[in-house]
Amino acid sequence: MCLFGLQSFGNDGGTSPTIQVDSVCFSRDILPMLNSNCAMSNCHDAISHKEGLILTSYAGIVKGVKPGSSATSGIYKQIANNKMPEAPYTKLTAAQKTLVQTWIDQGAKNTTCEVTNCDSVNVTFSTVKSIIVNNCLGCHNGASAFAGIDFSTDQMIEDTKDLILCTAIHASYCKPMPFNGLSLTSCEKGIINRWATATSAGNIQLGEPVVQSYSIAPNIVKDAAVIQFQLEKRQMITMSLYGYDGRKIRTISGGEYSAGQHEVPFSAYDLSRGAYFVRIQAGNSIQSLMFTH
Ligand code: HEC
């Protein structure tokens, strides 16, 4: 059995692959899945480590495993008979259980894999969804969703696109996900980036930039923030707020600004959670700046 049997792995074109095509890859298939489904706080993360198990690294996971024998491995027995994950968390799917079983029976090795045929250009929603299911869903599922972020339906994934992007690519203004110090592979980040920005109509950059040192502080805006920018010469500008979907929400400021540094206060009380852009327009030039709220 192999969920990913059609992909090929290896970083030298396939002549000596890091792992066999039909093998389970620990870093891609097992670690993120166990992290997402078992290493939430109060369970098997580094702080709670129930039963002494920390399921956020190879060293921690292999302590609950007898390499070569899934039948006598504690971790596999717990998930196979649905003892774990405990309610309210969702049990693993049959396919996920089989992955764990296969990985243990293949020797429970610390395999990593490079995807040589990473396609982050022709991205489909189903690829994005499989990344979210494997890396995020366990902690963000229905009633037990952390931070109220729920990925249990396609619509909810679509609606959280902007926040998925900034958390998954570890943008400096967002909380890094998938939590516990883990990171998506660069291929997965590329896929998420393509999917999320392909439809991000708010992020437009056109013409020669007219403002410098363009920033917003703080850049996770709670209530109020200050937009800063610099102008080399006197200039007519319009500053507007746009939603992630490219719809204009309102004009923030406009008029003639002198050369030098400027600060424009901005309030976000009325905005719902999400990503937004502040767009500065001067003649044919448009520069936008993203922030999350
Ligand atoms: C092991 C559990 C766990 C996994 C796996 C996980 N998250 Fe989270 N996530 C959390 C927790 C806990 C928080 C709340 C963090 C906080 O408030 O400090 C959170 C918060 C978030 C938020 C809200 C951030 C904000 O600024 O409020 C987003 C969006 C998010 N996660 C997306 C993801 C995505 C995308 C993935 C997969 C790539 C993922 N998470 C995987 C536990 C997890």
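Select Asn82, in the loop between helix 3 and helix 4. Helices and strands here are DSSP runs numbered from the N terminus (helices are H or I, at least four residues; strands are E, at least two). The model is predicted: local features need pLDDT of at least 70, side-chain atom pairs count only at pLDDT 80 or more, and totals for chains, interfaces and linings use all residues. Residues are numbered from 1 along each chain as its sequence is written.

Stay on Asn82. Its phi is positive, about 65 degrees, although Asn82 is not a glycine. Is Asn82 buried or exposed? Asn82 counts as exposed because it has 11 C-beta neighbours inside 10 Å. The cut-offs are these: a residue is buried with 20 or more other C-beta atoms within 10 Å of its own, exposed with 12 or fewer, and partly exposed in between, with C-beta atoms placed from the backbone.

**Other backbone stops**

Select Pro88, in the loop between helix 3 (74–80) and helix 4 (94–105). The peptide bond that leads from Ala87 to Pro88 is cis, with omega near 5 degrees.

Jump to Pro178, in the loop between helix 7 (161–168) and helix 8. The bond from Met177 to Pro178 is also a cis peptide bond. Its omega is near 10 degrees.

Now go to Glu51, in the loop between helix 1 and helix 2 (58–62). Glu51 is a residue other than glycine, yet its phi is positive, near 55 degrees. Glu51 counts as exposed because 11 C-beta neighbours lie inside 10 Å.

**Zoom out**

Show the whole chain. The C-alpha trace spans about 75 × 45 × 30 Å along its principal axes. There are eight helices and seven strands. Of the 293 residues, 35% are buried.

Colour by domain: domain 1 is 1–117, domain 2 is 125–198 and domain 3 is 211–292. These bounds come from an automatic or database domain assignment.

Look where domain 1 meets domain 2. There, 14 residues of domain 1 are in contact with 16 residues of domain 2. The domain 1 side has seven nonpolar, five polar and two charged residues. In this count Ala, Val, Leu, Ile, Met, Phe, Trp, Tyr, Cys and Pro are nonpolar, Asp, Glu, Lys and Arg are charged, and the others, Gly among them, are polar. Contact means that the C-beta atoms of two residues, placed from the backbone, lie within 7 Å. Among contacts between residues at least 6 apart in sequence, 63% join residues at least 24 apart.

**Into the core**

Select Ile30, Leu34, Leu55, Val100, Trp103, Ile132 and Ile192. Of the 66 residues in the largest nonpolar core, these touch the most other members. Helix 1 gives this core its largest share, six residues. A nonpolar core is a set of buried Ala, Val, Leu, Ile, Met, Phe, Trp, Tyr and Cys residues joined through C-beta atoms within 7 Å.

Centre on Leu55. What is Leu55 in contact with, leaving aside its neighbours within four places in sequence? Its contacts are Leu34, Asn35, Cys38, Ala39, His44, Gly60 and Ile61.

Next, select helix 5 (residues 125–135). Its buried residues are Val128, Ile131, Ile132, Val133, Asn134 and Asn135. They pack against helix 1 (26–38), helix 6 (154–159) and helix 8 (186–198).

**On to the strands**

Select strand 1 (residues 211–217) and strand 2 (residues 224–231). They run antiparallel and are joined by five bridges. Two strands pair if DSSP finds at least two bridges between them. Strand 1 and strand 2 form a hairpin, with six residues between them. Find Ser215: it stands opposite Gln228 in strand 2.

Strand 2 and strand 5 pair in the antiparallel sense over eight bridges. Gln230 has Gln261 in strand 5 as its bridge partner.

Finish on strand 3 (residues 235–243) and strand 4. Eight bridges pair them, again antiparallel. Thr238 has Gly254 in strand 4 as its bridge partner. Their hairpin has four residues between the strands, and in it Gly246 takes a positive phi near 90 degrees. Strand 4 (residues 248–257) is hardly covered: of its ten residues, one is buried.
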